[in-house]
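Subject: Structure handover

Dear colleague,

Here is the structure I said I would pass on. My notes on it follow below.

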Amino acid sequence: KIAAEGVETVLGTHSGGSMRAEIRTVELQDAENLMPSRSLRPLRIVGTVNGAAIASWGPSLSDLITKIDATISGEISGRTGDARSTSESDNAGLKSVPLSGRVEGTYVRRDNSVRLANTFLRTPDTSLALRGAVAKDSRLAVHFRSSNLSEVTALTRLFTTRNTSPP
């Protein structure tokens, strides 16, 4: 459920445009289907995204500036039958974990930068917060906090690959 509207203007020698999109109850699993390969999708993600995106540009798309403010609510888990889980005990830590978050960011095409503010992902006992810029000269503050080492271990397993071929 995405609603968008835009305007392109030409006033004398000045041209440009803008677009605003409202994102309401977009399913995370639908966004997951945009990933190019199943092997690049180690996580099963369910839930929704809500928010807004605004884009503006001048005479060319090199002037593009895009802002997004979105919230995420759902859960993540490892995929059933994932080759990374080689034993019953490995699978025990990979149950679904509730996930919430927010992305507040700005992309500036001119310097190919992404600036983040108030951006975080949270599970019941763990949080990851990002603030700053990723660009040619990046300055990104990453704050990670957890009060549950078992949850960190389970989350780490979701992103870890295992070599299942013989040595």
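pLDDT is the predictor's confidence in each residue, on a scale from 0 to 100. It applies here since this is a predicted model. For the protein chain as a whole the mean is 82, with 78% of residues at 70 or more.

Fold: the protein chain has 8 strands and 3 helices. Read from the N terminus, their order is β-β-α-β-β-α-β-β-β-β-α. Of the contacts between residues at least 6 apart in sequence, 47% join residues at least 24 apart.

Surface: 28% of the 167 residues count as buried. The accessible surface of the protein chain is about 10,900 Å², and carbon and sulfur atoms account for 58% of that.

There is a nonpolar surface patch of about 550 Å², made by Val114, Leu121, Leu128, Val134, Leu140, Val142 and Phe144. At least two of the patch residues come from each of strand 6, strand 7 (126–134) and strand 8 (139–146). Strand 8 gives the most, with 3 residues. Val114 lies in strand 6. Its relative accessible area is 32%, so Val114 counts as partly exposed rather than buried, the cut-off for buried being under 20%.

Regards

Methods:
Residues are numbered from 1 along each chain as its sequence is written. This is a predicted model: local features need pLDDT of at least 70, side-chain atom pairs count only at pLDDT 80 or more; totals for chains, interfaces and linings use all residues. Side-chain values use heavy atoms; hydrogens and water are left out. Helices (H or I, at least four residues) and strands (E, at least two) are DSSP runs, numbered from the N terminus. Buried means under 20% relative accessible area, exposed over 50%, partly exposed in between (1.4 Å probe, protein chains only). Contact means heavy atoms within 4.5 Å. Accessible areas come from the Shrake-Rupley method with a 1.4 Å probe; for residues, only the protein chains shown count as cover. Patches are made of residues with over 30% relative accessible area and no salt bridge: like charges are joined within 9 Å, nonpolar side chains (Val, Leu, Ile, Met, Phe, Trp, Tyr) within 5 Å. A salt bridge is a side-chain nitrogen of Lys or Arg within 4 Å of a carboxyl oxygen of Asp or Glu.
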